[in-house]
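User: Hi, could you show me this one and walk me through its pockets?

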Amino acid sequence: MAAELVQNVIEIMDSAHSYQYELAEVIDGIKALQSQINSSSDASKKQVEDHFNRLKNALISALDSRRDHLCKEIETIRASALRPLEECKTLVEENLKLATHVMEEGTAILSHDPESSVEKIIKFKDNPKTKALSSVPAIPGPSEVACVNVNLSPDFQKQMEAVINLEGKILARAPVQIIEALEKPGSLLIQWADESDDDSEICEFWLQYAMGNYKSINEINAVFHTAYTGTATSFLIKHLRTQTAYTFRVCGRVDSETPWSAWSIPRVAFTTIDHYQWGPTDNNAYSLSNENKTATRTCEGVTHVLYSNVASFIPGYSLTIKVLDDADKSPGDGLCISVKNTETVAFGQEGVVYVNLYGSVFVDGQEMATKLPEIKKGSVVAFQAERLPNGKVRVSVQTENKEVAFDWKVDLSNRSSGPLQMLTAPVIGDSSNNKVGFYFGIKFSQEDWKIAVD
């Protein structure tokens with residue numbers, strides 16, 4: 001009885017310990033959310049202060065510039081209007097001097113016995129200066145000269161204040177948010193959604209990413225690169241380093257005439273799945289490059305199938321094989337996806353989907369009626385696979401906008417279908433936490449075929 005009670009106490013303590021751990025996780029979550037609120041508020045406050053300081057300086061500079069321009073324009077009008085008046089004034093002053101001189105000369109004649117100074121009087125009378133006394137310069141009337149006025153808008157201050165009052169909008173959350181980051185081989189599928197409450201539907205999106213873990217919206221050290229702009233709500237970012245954190249953000253706008261919205265909350269994610277790679281080649285028939293993503297048929301070694309390093313093509317993913325260079329075609333050459341990697345001579349066995357260089361598609365050794373375009377330099381062959389509830393795998397093979405699709409009855413339940421264990425990789429959102437994949441392979445008899453996998 002005592003032992004049972006002791007065991008009850010131990011179980012209660014274990015439960016309390018687990019509860020304590022869960023509560024600690026909740027506290028950590030609350031702290032993270034508080035940090036998000038505080039850091040984003042501080043960053044936004046600084047952004048507002050910097051923005052309005054720039055506006056204030058720009059506004060003061062613009063007002064000073066406009067004031068100086070108007071004052072300069074007034075002085076230009078003043079100088080232009082005064083110039084002819086100054087010229088007229090100068091002429092009048094000269095004539096005044098002339099009249100004064102004539103009066104002084106006449107006074108001198110009259111004061112010294114004018115009757116005996118007939119010759120001086122005649123000379124005085126015929127003097128051109130005397131005759132000029134009748135010419136009075138005309139001056140313009142008040143309506144003919146400038147009267148400088150300024151037309152200032154009495155409502156400009158109110159209009160300016162109204163415009164300023166419209167600047168800036170505080171949002172508790174950006175209207176576009178990243179909702180998922182799904183791991184793919186050497187890549188991440190980023191998905192986002194329009195979460196705005198207003199009626200304006202966002203139709204264009206802008207996705208950026210930066211290498212590193214940046215949880216602040218306005219992290220000054222982050223160097224963001226544009227990954228996508230367009231109308232889609234998801235995008236696959238390829239050629240990422242595994243086990244490396246990347247920060248993603250997205251914004252949107254209604255159309256090209258409207259400004260972009262605020263950036264979403266940064267989303268940090270990374271992929272643990274290596275990019276597709278060709279496996280090692282034993283007889284030097286192929287040389288590998290570009291981190292084993294490109295295989296080139298050499299003149300050495302016996303013709304055989306080159307498989308991927310592991311069974312990494314998992315249903316739900318996509319596989320793209322590109323022909324970078326070609327050569328002569330040989331029967332039996334082509335591309336495949338396979339349950340096993342044991343057959344090194346041909347593609348005709350069960351558990352293989354094979355596309356030859358002439359576009360024929362074979363499933364478990366049986367040729368399908370629909371053909372694809374022949375494979376040559378520049379060809380891009382895309383494989384898609386999806387597991388169905390009935391246990392089959394829906395496969396599609398597409399090249400040059402032509403597609404072959406079928407439901408493939410293939411057993412993926414036995415993870416040890418071949419001598420090499422098939423890949424089991426974690427997949428976000430998969431309740432079983434694993435999926436089984438296929439190998440992919442190529443076979444070329446002629447040298448210089450160059451194939452890349454993506």
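User: Which helix gives the most to the lining of the largest pocket?

Analyst: Quick note: this is a predicted model, where local features need pLDDT of at least 70, side-chain atom pairs count only at pLDDT 80 or more, and totals for chains, interfaces and linings use all residues. Residues are numbered from 1 along each chain as its sequence is written, and side-chain values use heavy atoms, leaving out hydrogens and water. A pocket is an open set of points on a 1 Å grid over the protein atoms alone, where a 1.4 Å probe fits, with protein on both sides within 12 Å along at least five of seven lines; lining residues have an atom within 4 Å of a point. Helices here are DSSP runs (H or I, at least four residues), numbered from the N terminus, and the top giver, with 11 residues, is helix 1.

User: What is the volume of the largest pocket?

Analyst: Volume means the space filled by probe spheres set on the grid points, which are joined across faces, edges and corners. For the largest pocket, that comes to about 1600 Å³. Of its 45 lining residues, the closest to the centre are Lys 169, Leu 171, Ala 174, Ser 261 and Ala 262. So the volume is about 1600 Å³.

User: Where does the largest pocket lie?

Analyst: Domain bounds come from an automatic or database domain assignment. Both domains give residues to the lining, so the pocket lies between domain 1 (1-138) and domain 2 (176-269).

User: How many residues does helix 1 give to the lining of the second largest pocket?

Analyst: That pocket holds about 330 Å³ of space. Of the 13 residues lining the second largest pocket, the closest to its centre are Arg 66, Leu 70, Val 150, Asn 151 and Leu 152. Helix 1 gives the most here too, with six residues.

Conventions
Helix = DSSP H or I, 4+ residues; strand = E, 2+ residues; numbered from the N terminus.
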